[in-house]
Amino acid sequence: LLSVAELVERYLEECEASGRLGPKTLFDYRHYLEDYIRPWIGDVPVGDVDAEVIAAWQHTLAERGARKSGRGLGPNTIRLSRAPLNGAFKQATTRGQLPANPLSLVARPRLPRRKPQHWTPEQARQFLALHEDDRLQPLWAFLLSSGLRIGELVWLRWANVDLDQGLVRINEFATSLGYELRSSEGKSTDAVRTIDIDELLIGVLRTQRRTQVTERLACLDYLESDYVFTTPSGGSYHPQYLSKHLATTSTELGLPRLTAHGLRHTCATLMLDQQVPAKVAAERLGHADP
């Protein structure tokens with residue numbers, strides 16, 4: 001008899017072969033399979049899975065789903081863990097292999113309503129002022145003003161920056177599979193875009209370029225690249241490093257704790273506060289839908 005784990009494995013293999021799911025989604029789905037599906041219901045025959053089994057599985061995840069720590073999982077993680085399971089059962093039902101999809105009979109856990117974290121204009125100015133002599137200050141200033149995703153920023157190249165015209169072309173996107181960076185097609189159909197930068201941001205980028213020249217001369221084993229924002233020894237930053245560094249630094253400064261995505265929220269909020277039309281803000285952020 002086909003087990004739940006085998007059904008999900010076959011589904012993911014088909015998705016990979018057909019290109020139906022992107023590398024990042026496939027990586028995450030396999031993680032959910034190995035960590036949250038296989039240990040608890042992976043050996044259950046597919047024909048024995050009903051609404052009661054799914055409900056009990058979700059309850060177990062909420063109580064002690066993180067096997068290493070024994071802690072329960074949050075509602076969002078449980079919702080995400082349902083995704084590969086739901087896809088596999090839905091496909092089997094569509095093909096007539098099963099009479100019904102049991103996940104359709106069990107509600108997903110409700111998510112607590114969270115307010116997106118962002119800084120006020122005063123807090124953003126305070127953060128930048130306190131980092132005036134920090135080599136990362138241009139990077140934070142650029143994120144705050146441009147609204148780029150962190151995966152867009154770390155692979156931004158000088159070849160896509162026109163300081164004379166005040167234009168930046170966004171067409172390369174890094175995504176994390178675990179800790180490994182891979183190229184992706186972007187978060188939405190509007191991810192590839194060109195944004196305008198003002199005199200302030202042009203100055204920020206000129207400062208960054210001067211910093212790179214100085215560091216290149218000072219470092220014997222400097223890693224040459226065309227990236228705009230690089231480490232002191234050259235080469236691109238990892239998005240997770242920057243996000244963790246920002247979260248730690250903002251907390252130490254007594255500001256609301258933000259990751260790099262929080263700076264994107266802040267940029268969006270500042271634009272809307274300044275009466276920038278939602279459509280214009282969405283285009284700058286690379287959102288398909290305002």
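A: A term is needed at the outset: a residue counts as buried when its relative accessible area is under 20%. In this predicted model, 43% of the 290 residues of the chain count as buried.

Q: What does the secondary structure of the chain come to?

A: The chain comes to 11 helices and 5 strands, and its C-alpha trace spans about 65 × 40 × 35 Å along the principal axes. As for contacts with a separation of 6 or more, residues 24 or more positions apart account for 61% of them.

Q: Changing topic to the rings, how many aromatic pairs are there?

A: The count comes to 5 aromatic pairs. One of them is F127 with W140, whose ring centres are 6.2 Å apart and whose planes stand at 70 degrees; an angle over 60 degrees counts as edge-to-face, so this pair is placed in that class.

Q: Which class does the pair of Y237 and Y241 fall into?

A: The ring centres of Y237 and Y241 are 5.9 Å apart with planes at 5 degrees, and because planes under 30 degrees apart count as stacked, that is the class of this pair. Y237 is buried at 7% relative accessibility, while Y241, at 40%, counts as partly exposed.

Q: What sits over the ring of W158?

A: The charged end of R209 sits there, 5.2 Å from the centre of the W158 ring.

Q: Let's go to α9. How far apart are its end C-alpha atoms?

A: They are 20 Å apart, and this agrees with the 20 Å that the 14 residues of helix α9 (residues 239–252) should span at 1.5 Å a residue. Just after α9, G254 takes a positive phi of about 80 degrees.

Q: Which residues of α9 are buried, and what do they pack against?

A: The buried residues of α9 are P239, L242, S243, L246, A247, T249 and S250. They pack against the helices α5, α6, α7 (150–153) and α10 (260–273), and also against the strand β4 (180–184).

Q: What about T266, where is it and what does it touch?

A: T266 lies in helix α10 and is buried, with a relative accessible area of 0%.

Q: Where is Q275, and what is its phi?

A: Q275 is found in the loop between α10 and α11, and its phi is positive, about 65 degrees, although the residue is not a glycine. Q275 counts as exposed, at 65% relative accessibility.

Q: And where is D289?

A: D289 lies in the segment after α11 (278–285) and is exposed, with a relative accessible area of 63%. From D289 to A278 the C-alpha distance is 9.5 Å, with 11 residues of separation in sequence.

Q: Last topic, cavities: how many of 30 Å³ or more does the structure hold?

A: The structure holds 1 cavity of 30 Å³ or more, and about 30 Å³ of space lies in the largest cavity.

Q: Which residues line the largest cavity?

A: The lining is made up of E152, W155, L156, R157, N160, R169, I170, N171 and E172. W155 is also one of the residues that S236 is in contact with.

Technical notes. Residues are numbered from 1 along each chain as its sequence is written. This is a predicted model: local features need pLDDT of at least 70, side-chain atom pairs count only at pLDDT 80 or more; totals for chains, interfaces and linings use all residues. Side-chain values use heavy atoms; hydrogens and water are left out. Rings of Phe, Tyr and Trp (its six-membered ring) pair if their centres lie within 6.5 Å; planes under 30 degrees apart count as stacked, over 60 as edge-to-face and the rest as tilted. Buried means under 20% relative accessible area, exposed over 50%, partly exposed in between (1.4 Å probe, protein chains only). A charge sits over a ring if NZ of Lys or CZ of Arg is within 6 Å of the ring centre and within 35 degrees of the ring normal. Helices (H or I, at least four residues) and strands (E, at least two) are DSSP runs, numbered from the N terminus. The expected span of a helix is 1.5 Å times one less than its number of residues. Contact means heavy atoms within 4.5 Å. On a 1 Å grid over the protein atoms alone, a cavity is a set of points where a 1.4 Å probe fits but cannot get out, and a pocket is an open set with protein on both sides within 12 Å along at least five of seven lines; lining residues have an atom within 4 Å of a point. Grid points are joined across faces, edges and corners, and a volume is the space filled by probe spheres set on the points. Lists of a residue's contacts leave out its neighbours within four places in sequence.
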